[in-house]
Each structure stands twice: as structure tokens, then as C-alpha cells.
Amino acid sequence: MRLDGTRPGAELDESPRGLWELQDVLGCLSGKWVPVVMATLSHGPKRNFQLRQAAPGISAKVLSDVLRRLTRDGLITQVLHIDSAGHTGVGYQLTELGSAGIGLLVNIQAWASAHVSEIEKSRDAICELEVS
């Protein structure tokens, strides 16, 4: 795969089914807090409070919604978590499917890092035109 996210000869499947699958899966990995939760869980199981610490500004309700959605989509699962002090509680960890999704997020992040300045310049130019 090249840095622009393409493979030599790679093309999108533009069939209705292919595009629906793409939209559906991108929906699973999108959202403000999904990458933060997924990245945090990529280091091992975490309890709810640990996920909140990793995502400053996230409300308990929003975190609960994100965890419910990721669980529903099969990307994470609930586990019994025992911390170093011996306290037990419900935690979350990536499933095999979720772990595979981390690779995709890494590729998206690489593309974003390579192109964020271009995107910001484009946004700024459009904003200037709208203000004028």
C-alpha cells in the first residue's frame, strides 16, 4: 500500500453493494471518540474510568454510547477486568475484528498526516470566499 492509501491497480467497488459496505464499515469507525477509544484499547483491556481519562472532555453518556455501538458492531467486548490492586470490575477490550480495524485507523492516520495541511488550506480558502 502506498502512503496515499492506494495499492497499485486498486479501485473502489462502485457497485451499490460495494459502496453500501464501505459506508457501513466507515460508519463503525467514525465519530469523534471512536479512534480515541480504539487506540486506548489497543494497549489492552481498560475499565470505563480509564477510557474517560484517555478521552478528556467526553461525557459519561457519550462514552457509554460509543462503547455500546462498538460492542454492537463486534469491535470490542466486555470483560472482567482485575487491576493491579486486585479490584475487579467490568472492562472492555478489542475483539479480533477490532484489532484488525486498528491497522485501518493507522493507514487513515498516515493519510491524514500527509494531507491535513492541504485540507486546512482548502477550508481556509473557502471560508475566505464565503466571508468576502
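H81 stands opposite G89 in β3. The model is predicted, with pLDDT of at least 70 needed for local features and 80 or more for side-chain atom pairs, while totals for chains, interfaces and linings use all residues. Residues are numbered from 1 along each chain as its sequence is written, and side-chain values use heavy atoms, leaving out hydrogens and water.

β2 and β3 pair in the antiparallel sense over seven bridges (pairing needs at least two DSSP bridges; strands are DSSP E runs of at least two residues, helices H or I runs of at least four, numbered from the N terminus). Five residues sit between the strands of this hairpin, where G86 takes a positive phi near 90°.

| Element | Residues |
|---|---|
| α1 | 16–29 |
| α2 | 34–41 |
| α5 | 96–131 |

Each helix in the table gives two or more residues to the lining of this pocket, and α5 gives the most, with six. A pocket is an open set of points on a 1 Å grid over the protein atoms alone, where a 1.4 Å probe fits, with protein on both sides within 12 Å along at least five of seven lines; lining residues have an atom within 4 Å of a point. The space is about 340 Å³, taken as that filled by probe spheres set on the points, which are joined across faces, edges and corners. Of the 13 lining residues, P35, L105, V106, I108 and Q109 lie nearest the centre.

Which helix gives the most to the nonpolar patch? That is α1, with three residues, and L22 lies in this helix.
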